[in-house]
4 protein chains.
Amino acid sequence: MLPLHSHPSGRHFLQIPGPTNVPDRVLRAIDNPTIDHRGPEFGELGKAVLAGMKKVFQTESDVIIYPASGTGSWEAALVNTMSPGDKVLMAETGHFATLWKKVAERLKLRVEFQEGDWRHGADAEQIGKRLAADSGHEIKAVCVVHNETATGVVSDVAAVRKAIDDANHPALLMVDTISSLASIDYRHDEWGVDVTVAGSQKGLMLPAGLSFNAISAKALKASETAALLRSYWDWKEMLAINPSGYFPYTPATNLLYGLYEALQMLFAEGLENVFARHKRHGEATRRAVQAWGLEILCRKPEEYSPALTAVMMPAGHSADAFRKTVLTHFNMSLGQGLSKVSDKIFRIGHLGDFNDLTLCGTLSGVEMGLSKAGVPHKPGGVQAALDYLSQTSKPYPA
Amino acid sequence: MLPLHSHPSGRHFLQIPGPTNVPDRVLRAIDNPTIDHRGPEFGELGKAVLAGMKKVFQTESDVIIYPASGTGSWEAALVNTMSPGDKVLMAETGHFATLWKKVAERLKLRVEFQEGDWRHGADAEQIGKRLAADSGHEIKAVCVVHNETATGVVSDVAAVRKAIDDANHPALLMVDTISSLASIDYRHDEWGVDVTVAGSQKGLMLPAGLSFNAISAKALKASETAALLRSYWDWKEMLAINPSGYFPYTPATNLLYGLYEALQMLFAEGLENVFARHKRHGEATRRAVQAWGLEILCRKPEEYSPALTAVMMPAGHSADAFRKTVLTHFNMSLGQGLSKVSDKIFRIGHLGDFNDLTLCGTLSGVEMGLSKAGVPHKPGGVQAALDYLSQTSKPYPA
Amino acid sequence: MLPLHSHPSGRHFLQIPGPTNVPDRVLRAIDNPTIDHRGPEFGELGKAVLAGMKKVFQTESDVIIYPASGTGSWEAALVNTMSPGDKVLMAETGHFATLWKKVAERLKLRVEFQEGDWRHGADAEQIGKRLAADSGHEIKAVCVVHNETATGVVSDVAAVRKAIDDANHPALLMVDTISSLASIDYRHDEWGVDVTVAGSQKGLMLPAGLSFNAISAKALKASETAALLRSYWDWKEMLAINPSGYFPYTPATNLLYGLYEALQMLFAEGLENVFARHKRHGEATRRAVQAWGLEILCRKPEEYSPALTAVMMPAGHSADAFRKTVLTHFNMSLGQGLSKVSDKIFRIGHLGDFNDLTLCGTLSGVEMGLSKAGVPHKPGGVQAALDYLSQTSKPYPA
Amino acid sequence: MLPLHSHPSGRHFLQIPGPTNVPDRVLRAIDNPTIDHRGPEFGELGKAVLAGMKKVFQTESDVIIYPASGTGSWEAALVNTMSPGDKVLMAETGHFATLWKKVAERLKLRVEFQEGDWRHGADAEQIGKRLAADSGHEIKAVCVVHNETATGVVSDVAAVRKAIDDANHPALLMVDTISSLASIDYRHDEWGVDVTVAGSQKGLMLPAGLSFNAISAKALKASETAALLRSYWDWKEMLAINPSGYFPYTPATNLLYGLYEALQMLFAEGLENVFARHKRHGEATRRAVQAWGLEILCRKPEEYSPALTAVMMPAGHSADAFRKTVLTHFNMSLGQGLSKVSDKIFRIGHLGDFNDLTLCGTLSGVEMGLSKAGVPHKPGGVQAALDYLSQTSKPYPA
C-alpha cells in the first residue's frame, strides 16, 4: 500500500503553492497505457501539446518540453544562451530567485544579484539604472521570477522589459513562470521575453515531471554562439524534430497525456477566465488574512500574487508548528517558509484546479489551525472571504 | 467526453445524502480489470467481502450481497419472508419509508402505515401498542427506516425491538439502514433485527449498484415457508454457494473490488471512530443551521441524524431555487426535498468519505448560497461550525 | 491488496465467454467521481445511454436499464408480461436456457420445455408446430436464447418469429441476447421480438452490474394486464421518467459512465464492423479446433457462434483439469462446462474488446495447455488460425 | 479525446524494446492524487523507493533518482565524474552507445570509440589491451552499454571489469543498463561498476520520466574533483537529503508512486524469477526467428539479449514497410532499425510486464506480418515457440 494517507477519511487539502491538486481528468489521462513514442499517434499528441503550450505562453515562438522538473528548465535557459563567465543580472525576490542564482553560479556565470527584502518584486527602475551603467554590455541577461513562489509577490515583467529597452541594452530577458503560468496573465511575446521558464506542477495542473522553455528569436540566435556545454537541455535537436510531434529522446509520454487533457480544460474555461478566477481567490484569501489581523508578506498591493499568499507569523510563534497542527488536525498541507523566512511565514496555495468551496475549506483550515495552535488572531477571516466570494460569484453555466 | 463537469475548475461538492463522494482508493479499485467470477481469486474476494460486511452489520448471521440498487434489497427483505396478503406494520418516517410501503403494496402485502409528520422517528410506543392489540398475530413484520434519508431523523431501533418483545409478538423486525450503515452505529444482532436492508452508495463509500440483506436465524426460518414468488432475490441459492466465496449468478465484480477496499478503509479507521466522526460533523452542521436562524426538520435532538441534516426553508422561499443557486454558483449538489416536503427543505449530506475541511467548504457553500439566493438568515453559521470543529478536533496520527 | 493476481507478470487472459476483458477506456470512465443522479449532468448521461442502447438493439422502441445482473433481466421480461400460471414455451438450448426456465418456474409459470441436446439452436419448426397445435392460445410467450453461452450455438430468431407468425399465434417472443448483443447481429425490431433481455458484461465490454430489456409495443401492452407481482423490475415507472434521462431509483451511475464510453467505442468502430470482427474470430478459432482434431460442441455450421466456441474433450480426459493447467501455466481463464456438460467441454470466449493478436495468444494458450495436460490432439491449430487471420486481415486505418 | 487508439478494438501490443507495457497496477498507482513532496508521507515513499532501487541494482552504495529520461542519466554519470578534456573509452555496440558517445562529445570529453559492427558486445579483451597501453592513465573512464537496445546484444560487464583490473588501470567503469535493469541479471557491486545508468521505462515497467545513477565509493570520490559544470545532475545535494526520503528539487511524485508499486511487483515475483522469465522468452523468440529462417542480428549466442531480439530483414525488403504492415494490420508496434541499420532490421521487445501468451500473440503478429508484407520466410516460427514454451512452463502457484 502506498504511504499516501495522512488521514483516514476524506480528501487531503494540498494547499502548498504547488504541486497543486491534479484534477481527476488529468490523473485518468496519465493512467492510459503508454504508446510508441515513435508511432503515428504520438506524433499527433506531440504536435497538439506543443501547439497548446504556445497558446498558454501567448507566443508564436518556439516552445520546448523537457522530461524534467522545473529546476531543469532554469538550467536549460542558461546553458542554451550563455557562455562561461558571462555576467547575468538577477533580482533577489525570494528563495526561488536565490536558487536560480545558485544554478547560474554552478554554471560559472558571474551573477550580479540585486538585493531584495523578499517582500517586493523585482525593481525595474534599479534594473534600468544598472543596465544604463553597463555601457560595455557586459551583462548578457536579466533574470526575473514572475511569481516568487516563496513569497507570493509578482514582479512586473513588462516594466522590466521597458527598463531594458529604455537603457538600450541588448541583454536577454529571462523569466521564471513556474508558479504563474496558466494562473496569472503572462505574455511571452507581448512583453518581449527571451526565455520563459515553466513547470507542469502548478497552474498546468499536472504532477511534477515536465518543464518548459519558451524561446524568442533573439534567444535562439544567442544559442548559436553560447558556449556553455549542453546535451540533455540543448534546444537545437529538440527544435529540429518537434515540428513532426516527436522528441530526440524518450519523452515522458504519460505526463504528456495529462498535459493534453489539462490544456483542453484550460482552453474550455478560457485563459482570461482562469486568470480572473485566480485573482478573485487571491483577493478572498487576503481579506481573510487581514480579518485575522495577520500580516501579508508582500508589501505592495499591486504585487499581490493571485496564485498564493504568504502570511507572516506573529512574533514568538512558529509557523512550522502551526503548519503541523493544520496537517495533523485538518488534513491540509500548507507551504512552509523557506530559508530566510523559515518558520516565520506559511504559504497558502490557491492556484491550479480550484474553486470557491475548496478555498473556503482551505481558509477554514487555516482559521481553525490558528485557534488550535494558539496563534493570536481575530476570528472572522473565513467570514470575510465568504462575504467577498458571495458578492462576486457568478453562475455557471450562466 | 462524459457530461460530468458542472463547473470548469475544481472538485464538485457532492453533498446530497448519497450517493456520496467515492474515495480515490475505492474508484481506483473499481478500475481494475475484471476477473473470472468462477476462478480462485474471486473466491478469496467473495469470502473477504462477505466476512467484512458481517463486521459492518455487527452480526454473526448471514449477509447477502446483491448486484442491485438499495431499492432491490427492500424487495428482497419482503419476498423472502412474507406470503401474499400478509400484513406488515410500517412507520411513516418520510419519503423512503413511504417508498418501501409502496414496494410492499405492489407485492400485495397489506400495509398498516403508522402515520408520521416526517419530523420524527418511528414511534416505538405506538408500535408496541399496536402489536399488543394484535392478539391474533396477524402482523407478520414491523418495518422501520433507521435513518430516514429524506428527513435526517434517526429511529431508535433497539426501542422498537423492545416494544415488540414487550408485546410478546412474533413479528419480524426489518430495518432499512441504506443511509446509516457504516455511518451511524448499527447492531443487527444486539438489537435483534431480523432483516437489515442496506446499499453501497452511502456510508460504504461506493457507487450505487450493490445492496445487502443481513438475515437473522428467525428470518431465515420464515423464508422456508414464505410464499411470495422470488428468483433473483432468493436467499436460498445465495446462501448455499456464498461460503465458498461465489455467487449463483454473475456478481458485479468491479464494485466488489471497491467494497473490498472500502472495508479496509473503514476497519483501518475503526467503526467506532467512523461513527464518532459522523456524529461530530452532524453536530457542527446543526450549529451552523441554528446560527443561520433556520429550522432543522428533525424535531427531537435525540433523533438528529449524524449522516445528513434537513433544513427548512423560510416561508415564501423556494428550496429548489436555492439549491440551483448553490449548484450554479458554487459547484455543490445539495439534496432536494422529496414529495411532501418538495421545495420546502434542502438536505446537507455529511456522510461517507468526509472530513472537517470538506464540511467547512460545504457549509460555506450553503451560507453563500443563502446570501446569493436572498434567503433571510443570519450570518455566522460557518463560524459556529469552525468554533465547534476546532474545539473538538484531535490530531492524527495522535 | 485486492486478490486479483493469478500470475506475477503480464496481463491475465480472461477468455471465458463473459464477463469479457473491459477496455481501459471503459475502466477509466467507470473510475470517474460519482455525480448527483438527480442533477443536470446526469440527465444528459441518461438520455445518451438510453438512446445509444436503442441503436445497439436496433430498435425504435423502449429500452430499460436495470442496476442488476443479466439474470435480473430474465425475471423482468417475465414479470412484466405474464400472469401466474401462464404457459410459456422455452427451447432447451443449454444451461442458460435451463436457468431461464428455472426463473420462470419459480415465478409459477407453466413451462413447456422443448427438449434439446445442447448442440443445436432452438428448433423453429418444432416451435411452429407446437404453436399451431395450441389453438386455444394457452401459450403466452416463446422464450429463446439467441446465443447460448453454455454451448456456443446461435438460434435463428427470425425463423422463430416466422414460425410464430405462420402459426398465427399471439404469443410474445422473448429473446435472451446476454452473450450476443453487440457481438452478433441482432435486430429487435426487424425480427419482431417483443422482449429482448441483455447484460453489460459481454459484447458491451462492461463489468457485470447492468442489465436491459428492449420492449415492443405489444409487450408494453401486455404489461398493462400482466398480473405477476413486480416492483424493482416494473417497466412502468422506468418508462415514465426515462425520457428526461432519470431513473425512478438510484441508478448505477459509474457503470453508466462505462456504458457511455463503450457505446462511443462501438459506434466509432461501426456495429457492422463489430459483427464482422466477431465472425472472423469465430472462424479462426474453429479452424484451430478442427486442426487440433477436437470436436466443436455445436453441430451445425450455420449455428456456430461468433462469440464463443465450446470444444469437446476427448473421452477419458477432464476438461476442468485441462482448464486448471491453462490457468496455472498460462495465466488464462477459459469457460467451464456447465451442468450436463460439466468437465466434458471447455469454452473459448472470443467476444468483446478483442483483436487478432489477443486471439492468437488465446489459441496458443489452448494449444500449449492441451500438450501440457496430455490431451490427445494434433499440433497446428494456432498455425491454422494464423493462416486464416493473415489472409483475411485488413489494414486500419485503411 | 487523446489520440491513443491505433485500432478500434482490443489492446495494442507495444512490443518495442521500451517503453514497455505498463502494468495496470502501476498505472493505477501513478493515478493517485499528488502529495506534498515535503510532507511526512513523502519521506516514507522516498526512503522506500531508494531502498528498493538499491536491491534492484544489487548494490549497497548510493542510488540517485532523477526526474528525467534515461538520456539524462548518461549525462549525469559523466558530469559528476569527469573534467573538461578528459578521455573516455567507449565501446561501439550500437545506436545507443553512439548516442552516449555524442553526449560525451558535447561535454567536450575526448572519446575513444572502440569500433564495433553492431552485432557484438563490447570487446573486453580489446578494452584490456587499450588500457594496458595507457600507461599514463589518460583514460578516465570506460563506458559500456550492458544491453544494447538497438541490437539485442548483451555485453559481459564482469569481463570488462576484469580487463580493467588486469590492466591495473584506475579508470572508472560506467555501464548503461537502461534496457537491462530488472530484466537481465545485473550486479553493480559484485561486478565493480562505478556508475550505473538506468531508466524507468523498460524492465522497471514504468512510463518514461525517471532515470537513475548507482554510484560506487570510487565514483563518489571522483565527483569531488570532477570539474565539469553541473547543477540539475549534481549528486551532492541529492545524496545530502535523500537519507530522509526527500529530494533537493521537486520530484516526479506520481511516477515515484508507480516505482513503488513496480518494486513491490518485482520483489514479489523475485528478481531471480524475473531474470529467468526474460531468458526463457528470449529463447522462445529466437527459436521462432530461426524457424522462420531469418537471421538474428546478434552474432554470438552467449551475447543474445533476454530483453529484445533484433531480426535482419532479407535483402531487398524494407523492415519499416514490414513494421507498418504489422501496425496497421495487427495493432502491434515493433522497434525500428536505428541509424546504421535503419530499415534493415526490426526489433521485438520481450521485456517488462510480460507473459507467455502475450509473447505468443507478439510472435503471431510477426509471423502474420511477414506473410502479409510478402517477406520470404518459412512458417512455423510460432509453432517452434509454442513447443519450447509448453515444454518449459511451470505452474503458478506451484
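Predicted model: local features only at pLDDT ≥ 70, side-chain atom pairs only at ≥ 80, totals over all residues.
Residues are numbered from 1 along each chain as its sequence is written, with chains lettered from A and ligands numbered from 1 in the order in which they are written.

**The sheet of chain A**

- Seven strands of chain A form an open sheet of mixed pairing, in the order S2-S10-S9-S8-S5-S3-S4; strands are DSSP runs (E, at least two residues), numbered from the N terminus, and two of them pair if DSSP finds at least two bridges between them.
- Strands S2 (62–66) and S4 (110–114) of chain A stand at the edges with a single partner strand each, so one side of each is left without a neighbour in the sheet.
- Within chain A, S8 (residues 172–176) pairs with S9 (residues 195–199) in the parallel sense over three bridges, and A:Asp176 stands opposite A:Val197 in S9(A).

**The helix pair between chains**

- Helix H12 (residues 356–372) of chain A packs against helix H13 (residues 381–392) of chain B at an angle of about 50°, their axes 9 Å apart; helices are DSSP runs (H or I, at least four residues), and axes are lines fitted to C-alpha atoms over the stretch in contact, with angles from 0 to 180 degrees between N-to-C directions.
- In H12(A), A:Ser364, A:Glu367, A:Met368, A:Ser371 and A:Lys372 meet B:Leu386, B:Leu389 and B:Ser390 of H13(B), where contact requires C-beta atoms, placed from the backbone, to lie within 7 Å.

How values were computed:
Contact = placed C-beta atoms within 7 Å.
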